[in-house]
Amino acid sequence: SKDSKPSDAADGGKSPSARLKIAVIPKGTTHEFWKSVHAGAVKAAREADVDIVWKGPLKEDDLKAQVDVVSSFVAQGVNGIVLAPLNDAALRAPVKAAKAAKIPVVVVDSDLQGDDHVSFVATDNQAAGKIAATELARLLAEKGSAVVLRYQEGSASTQNREKGFLDGIKSAPDVKVLSDNQYGGATTETAFAKGESLLLAQKAQTGSSFGVFTPNESTTFGMLLALRKSNLNKKVKFVGFDASEKLVSALKDGDVDGLVVQNPFNMGYLAVKTMADHLRGKPVEKRIDTGARLVTKANLDDPGVREVVAPDLGKWLEE
Amino acid sequence: MKALVTRARALFGAGKRPAWVAPLLALVVVFCAIAARVPDTFLLPQNLLVMARQTVVVATCALGMTLVIVTGGIDLSTGSLVALTTVVIAKLLKGGTSPALAVLCALAVSGLVGATIGAFIGRLRLKPFVVTLGAMSVLRGAAKGLADEQKIDCDPRGLEKTLAADLSAPGIWIALTLAVLVACVLTYTRFGRHVYAVGSNEAAARLVGIDTGRVKIAVYALSSLLVGVAGVMEFSTLTVGDPTDSVGLELDVIAAVVIGGGSLSGGEGSIAGSLLGALLMTVIRSGAVHLGMQSWVQEVVTGIIIVLAVALDRARHRRTARG
Amino acid sequence: MKALVTRARALFGAGKRPAWVAPLLALVVVFCAIAARVPDTFLLPQNLLVMARQTVVVATCALGMTLVIVTGGIDLSTGSLVALTTVVIAKLLKGGTSPALAVLCALAVSGLVGATIGAFIGRLRLKPFVVTLGAMSVLRGAAKGLADEQKIDCDPRGLEKTLAADLSAPGIWIALTLAVLVACVLTYTRFGRHVYAVGSNEAAARLVGIDTGRVKIAVYALSSLLVGVAGVMEFSTLTVGDPTDSVGLELDVIAAVVIGGGSLSGGEGSIAGSLLGALLMTVIRSGAVHLGMQSWVQEVVTGIIIVLAVALDRARHRRTARG
Amino acid sequence: MSRGGVLELEGIEKSFGPVDVLRGVSLELARGEIHAVLGENGAGKSTLMRIVLGMESPTRGTMRLAGVPYRPSSPAAGRHSGVVIVPQERTLCPQLTVEENIVLGLEPRRLGFLDRAAARRTALHALSLVVGSNARLAVDSRVDALGVADQQLVEIARALAQAGIGAERERTARVLILDEPTSSLGRDDADRLFERIRALKESGLAILLVTHSLADVRAHVDRFTALRDGKVAASGDARTADPAHIVRAMLGRELEAAYESRPAAADTNAGEVLLEVEGLSGHRKPRSASFVLRRGEVLGIAGLVGSGRTELLRAIVGLDPVRGGRIQRSAPRGIGLLSEDRGGEGLMLDRSIADNVTLSRGGRLWARPHAFAVEARRWIEELAIRASGPDQPVTELSGGNQQKVQIARLLREDYDVLLVDEPTRGIDVASKAQILELVRKLARAGKGIVLVSSQLDELVTTCDRIAVLKDGVLGSAREASGWTEEALMLEAAS
Ligand SMILES: Nc1ncnc2c1ncn2[C@@H]1O[C@H](COP(=O)(O)OP(=O)(O)OP(=O)(O)O)[C@@H](O)[C@H]1O
Ligand SMILES: Nc1ncnc2c1ncn2[C@@H]1O[C@H](COP(=O)(O)OP(=O)(O)OP(=O)(O)O)[C@@H](O)[C@H]1O
Ligand SMILES: O[C@@H]1[C@@H](O)[C@H](O)OC[C@H]1O
Ligand SMILES: [Mg+2]
Ligand SMILES: [Mg+2]
């Protein structure tokens with residue numbers, strides 16, 4: 001990987017005199033989200049003077065591949081692992097194995113059961129879902145209908161957001177949830193096709209007060225395309241999740257009304273930093289909330305928001 | 001009039017017992033069943049257009065896959081090649097190339113990829129399954145590498161209008177035109193005949209002097225070119241270059257061809273059948289959303305319909321043929 | 001001694017020109033190439049064990065897939081069935097069933113699924129591709145429905161110890177034992193010979209009075225049972241019931257068999273070859289991590305190696321046989 | 001050395017690994033000549049033909065075509081140089097129609113598109129040359145719906161079209177190779193074929209004919225070359241040569257007392273009834289068939305191609321659907337069928353002789369590969385199958401030897417009733433006698449045998465009783481002594 005300086009193979013990764021080598025394992029690599037996490041991780045690595053290896057599962061959302069990547073790193077003997085588990089139970093075993101091999105693990109983005117890991121650095125996803133619900137209810141003036149296009153069966157972080165949203169929307173009893181059992185699937189294209197059919201099936205074009213919630217980047221982008229192609233953009237109220245160049249400009253255009261964004265850069269940064277601290281014997285916190293906030297057209301230019309939605313990644317990711 | 005019917009028959013099916021009757025029947029039944037339950041949303045012209053649009057990518061790929069399967073081959077690289085095409089276009093657009101040139105380059109890349117695959121299969125005589133499995137991995141990797149493992153964001157500069165659920169958008173028309181063209185090639189040209197002959201009995205084809213290797217190269221090149229066209233359509237929907245797009249698309253495409261009467265052992269298959277197969281799958285998928293089916297029920301039902309559609313054909317076979 | 005060699009030959013490969021030599025060669029070359037560059041991590045006993053463990057699921061599925069492919073069939077439902085198995089086990093464990101009983105039930109389910117698939121193929125004479133494509137969708141949907149579209153969390157109660165990168169864990173041994181068993185069945189039983197006969201020339205098999213339908217039913221039932229075993233192993237790794245697990249696993253499994261010399265047109269394939277094919281893919285994947293290859297490079301390299309491994313075999317063919 | 005030789009072969013050698021199949025064959029083929037290549041099963045005839053076409057390249061030796069060196073690298077190359085073949089094993093595209101098969105590779109075009117009318121004309125013409133006025137074969141039927149004989153006719157029609165006969169195009173063919181073209185044909189089809197071949201010869205084409213029928217050689221052939229073990233054993237003028245001399249050259253010995261004698265009139269009521277068929281009708285054919293088969297007898301079934309003989313046998317063993325009628329099987333050891341279609345359904349071509357010979361439904365639960373090899377070796381000796389050993393894949397055997405493998409499998413099962421469909425197809429003179437003798441021997445040993453053959457002489461000399469199948473309706477069986485070949489022919493065609 002381009003991040004790990006060619007380390008001297010002869011003295012191995014394990015001898016205490018060598019530079020610390022930390023494996024950072026995302027859930028996948030292609031969401032913009034993970035790019036930010038990566039950049040944050042690189043920043044922390046430079047500051048703490050450690051090497052990181054960035055390696056996700058080969059196939060998106062491939063649980064077993066991730067388990068394999070973790071065990072390969074354990075077998076290889078890195079100094080520490082930062083992991084965004086695809087599943088909060090399934091990665092327990094490899095993390096336990098890592099612990100047994102004296103390799104500490106910091107969990108990032110999505111939770112892991114048990115307490116074999118050193119720290120958990122992430123957003124509170126249910127709370128984030130609630131933020132979206134409150135905003136959508138406000139946009140609909142507490143009245144009308146709404147649909148949720150879910151992400152994928154069994155993805156814990158997004159399911160928490162969906163749950164948070166559905167719980168939150170209950171506090172606006174006049175907003176009726178018409179559909180919450182459709183899944184957009186792994187890619188933009190599948191989310192787009194599902195979104196298109198969903199809008200037609202739920203007669204979004206006839207209703208006056210209609211809202212949509214999507215729980216992550218790919219579903220948000222797919223739904224955005226569906227709204228645009230059916231000429232429902234601006235007519236339907238739309239709160240999505242995560243930021244990318246395209247989504248932010250859609251926010252500016254008014255095609256998206258609100259985005260709940262996490263702070264992925266910070267997530268990556270704090271995770272690696274926490275790991276480095278731990279390896280150097282400093283005490284670390286067990287739970288670090290990296291926060292989520294609502295971004296709208298109105299607050300888009302706040303410096304705090306800019307930093308989150310359009311971080312200067314190039315500085316960290318390009319040599 | 002009668003001549004017309006015969007001609008249509010000749011064009012769309014091979015011989016007396018057109019294999020596309022079964023998928024057509026299945027399509028009609030499924031369509032009517034759904035329409036009967038949710039007529040107000042499902043039968044909206046807009047929805048019909050949306051379904052047409054949703055079918056375009058799979059259908060365009062299925063045109064080429066039909067050729068491939070008729071020769072007794074298979075192509076697993078379809079999804080990866082679509083992704084690569086979107087990446088190439090996005091990258092070029094971002095670099096300032098004009099949309100037309102970007103599309104041309106993408107098509108050139110896909111055609112070249114196909115010719116290379118064809119050469120491995122036709123000249124080195126490697127099994128299509130293995131070659132295209134390798135290509136699937138190589139092309140996916142190439143797409144990711146080219147895109148720096150990220151989506152490529154760019155101004156689509158009009159290309160996003162190519163495919164839309166709209167009669168004025170060229171996408172659907174392009175796909176239809178290509179379908180008629182490929183069907184004509186299969187039925188009315190010597191090349192088309194040779195495609196069937198290679199799949200039916202390669203030794204026989206070689207014996208009468210047909211350069212079967214060349215036929216295969218042409219088939220894979222043509223097929224990949226069509227996948228390239230599908231990639232352009234995909235870009236038009238996504239408006240980004242997405243290296244992880246269309247994973248598993250090939251399975252949908254192969255399924256369309258097989259449901260449409262194609263046989264993986266070669267020699268059989270028709271464009272009309274494959275199109276109907278592709279449509280059938282869109283209708284099921286879209287209908288499930290309209291019916292508000294839970295997604296797991298949807299998957300169960302889809303599976304059952306696929307098997308039933310083909311069992312239907314089998315039942316007809318039984319009555320007419322030897323064994 | 002010579003008798004032993006002959007016996008080993010008969011067991012592991014079909015006939016004079018064992019098809020597993022090419023994948024073995026490829027495996028050795030790739031292994032050595034990686035080991036030469038990162039000997040200190042790659043050759044660690046622990047890493048070898050990890051690779052063995054990583055191969056178990058694909059390899060166990062590949063045993064059954066070899067049978068299926070030798071009969072000229074294909075099974076696309078593997079991944080879905082593995083997911084369903086993990087869900088069934090998790091659900092039962094959660095409900096308080098004992099681990100042994102949960103495993104038995106899961107195996108019964110998978111065996112039954114296989115017998116049903118087999119009946120569609122063997123009795124109704126539907127194409128394996130279509131039936132298992134349908135099954136893939138139905139089983140995936142069933143898994144999701146059974147799991148309520150969630151991952152099922154449960155106390156694995158010792159089952160998590162079944163498969164581990166540890167010589168004392170039974171998983172690897174079970175897989176090896178099954179491999180030897182299935183290889184023996186293929187070579188030393190009447191049934192095994194009938195499996196080859198069905199794939200080699202089904203009409204000839206029928207002519208001598210073999211109930212080819214029954215052979216197919218048995219093959220798919222056995223194969224799915226083995227997939228069930230793989231599902232138990234998968235559960236042992238995941239420790240949850242995951243209805244979205246193993247999407248696309250079947251492609252890895254089919255690839256293993258084909259790289260190992262199996263032919264999708266039937267009549268060819270061996271257990272040894274398929275195991276080597278599965279191992280080759282693990283070694284490439286794992287090696288890429290050790291070499292610190294970027295994932296896109298890894299995909300490109302994997303694709304190239306797959307094609308090369310088979311081209312190697314083809315080149316040998318050329319020299320020894322007709323052409 | 002040439003007298004206007006079209007094709008000259010000089011010292012052709014061919015070996016497959018350690019096996020030398022051709023060991024220096026020289027042969028000269030002149031324009032307008034029919035040249036027969038004769039020899040025992042496995043002598044190397046088909047291999048030589050394949051070399052001429054370019055399907056196989058010789059290990060050593062040279063060829064000249066029309067005076068220039070000729071070394072085809074593929075069948076396509078051979079085809080383009082003007083060599084056309086009807087191979088021994090059928091090579092048609094099963095999913096294509098008769099018409100599509102006949103014009104394959106030379107599809108007429110107009111403005112770049114297929115000229116369907118011209119294609120049809122070509123196909124119809126070529127077909128009419130081989131089937132005459134017989135309307136049995138429709139150009140629109142898919143080839144996989146045809147019987148073996150009809151497929152063979154299509155194959156010949158394709159070769160004629162390729163050779164330029166009947167095609168509305170310039171002739172490019174120089175050499176026509178026919179590898180046992182008549183082995184699955186009835187007499188009338190065979191006669192018509194020879195008429196065609198003579199016309200082709202008159203127009204200057206050179207014809208290489210592989211055959212096992214010395215009668216045909218005498219009647220239709222100009223010169224012959226007899227091979228023995230891959231070497232030329234004799235050659236010369238076919239019309240003046242002494243058949244006995246040719247046979248001796250081929251075999252390297254005298255033919256044991258030619259198989260002639262009909263069995264001492266068997267008492268047809270002696271044995272118990274093994275099989276009783278009454279009013280049997282199938283999907284298309286047979287329409288009505290009744291007969292009784294007893295232990296110790298050979299029942300012959302004569303009939304024209306397409307009369308439904310094969311389908312009758314298949315219906316009896318349950319391979320084809322039965323529509324009506326009754327089949328009473330009382331054979332304790334079962335009924336075995338020898339298929340007329342050895343490549344299609346008779347054999348697993350890609351598997352070994354041992355695998356093929358020992359393939360059976362029953363037997364022990366455990367298979368013992370070694371014991372099977374031993375057993376196969378015994379059969380190889382017993383039937384004089386020319387093979388390198390029991391492990392040799394069946395594809396590598398010559399056509400006649402493949403047929404013997406099929407027979408070995410049938411014999412091994414020790415059935416009580418044997419239904420044999422064209423058992424001597426592709427079998428050389430010596431082995432043919434041996435196989436028919438075997439049939440008699442089996443009958444004597446208490447088996448019941450139904451023999452279907454288009455070779456009427458075989459029926460007359462081997463059977464106890466003969467029945468004629470006419471358009472799906474089986475006549476009553478009569479004592480064989482009451483039949484002559486002519487009578488059978490008349491009855492079948494009437
Ligand atoms: N690919 C091969 N490998 C090994 N031996 C082969 C191969 N092809 C042919 N042979 C051997 O070559 C010999 C000659 O075969 P060929 O088919 O030429 O005989 P033939 O004279 O045509 O016999 P028949 O009258 O039975 O058709 C046979 O013994 C056969 O086993
Ligand atoms: N499903 C079918 N459709 C059309 N024609 C068929 C079909 N099945 C059989 N036939 C034809 O019926 C005829 C009877 O076939 P069968 O093979 O039993 O006759 P046969 O007397 O044994 O002649 P052959 O020597 O060709 O085998 C053949 O000409 C065959 O082409
Ligand atoms: O968990 C991840 C989530 O935090 C982000 O929003 O998108 C990708 C997800 O997998
Ligand atoms: Mg021969
Ligand atoms: Mg017959």
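Chain A and chain D make no contact, and their nearest C-alpha atoms lie 38 Å apart. This arrangement comes from a predicted model. Five pairs of chains do touch.

## Where chain A meets chain B

Chain A also has a partner that it touches: chain B. Here 31 residues of chain A are in contact with 36 residues of chain B.

The size of an interface is often given as the accessible area lost when the parts come together. Between chain A and chain B, the buried area is about 2900 Å². Carbon and sulfur atoms give 47% of that area.

Charged side chains also pair up across this interface, with four salt bridges found between chain A and chain B. A salt bridge also joins the side chains of A:Glu196 and B:Arg53, with an N to O distance of 2.5 Å.

## Two helices in chain A

Two packed helices are described by the angle between their axes and the distance between the axes. In chain A, helix H7 spans residues 217-229 and helix H8 spans residues 245-253. Their axes come within 11 Å and cross at roughly 45°. That angle is why H7(A) counts as oblique to H8(A). The crossing of H7(A) and H8(A) is left-handed.

Which residues meet in this contact? H7(A) brings A:Glu217, A:Thr220, A:Phe221, A:Leu224 and A:Arg228. H8(A) brings A:Lys246, A:Leu247, A:Ala250 and A:Asp253. The residues of this contact between H7(A) and H8(A) divide into four nonpolar, one polar and four charged.

Methods:
Residues numbered from 1 in each chain as written. Chains lettered and ligands numbered in written order. Predicted model: local features only at pLDDT ≥ 70, side-chain atom pairs only at ≥ 80, totals over all residues. Heavy atoms only, no water. Axes fitted to C-alpha atoms, helices over the stretch in contact; angles between N-to-C directions. Helix = DSSP H or I, 4+ residues; strand = E, 2+ residues; numbered from the N terminus. Parallel < 35°, antiparallel > 145°, perpendicular 65-115°, else oblique. Left-handed = near helix turned anticlockwise from the far one by under 90°. Contact = heavy atoms within 4.5 Å. Nonpolar A, V, L, I, M, F, W, Y, C, P; charged D, E, K, R; others polar. Buried area = accessible area lost by both parts, 1.4 Å probe.
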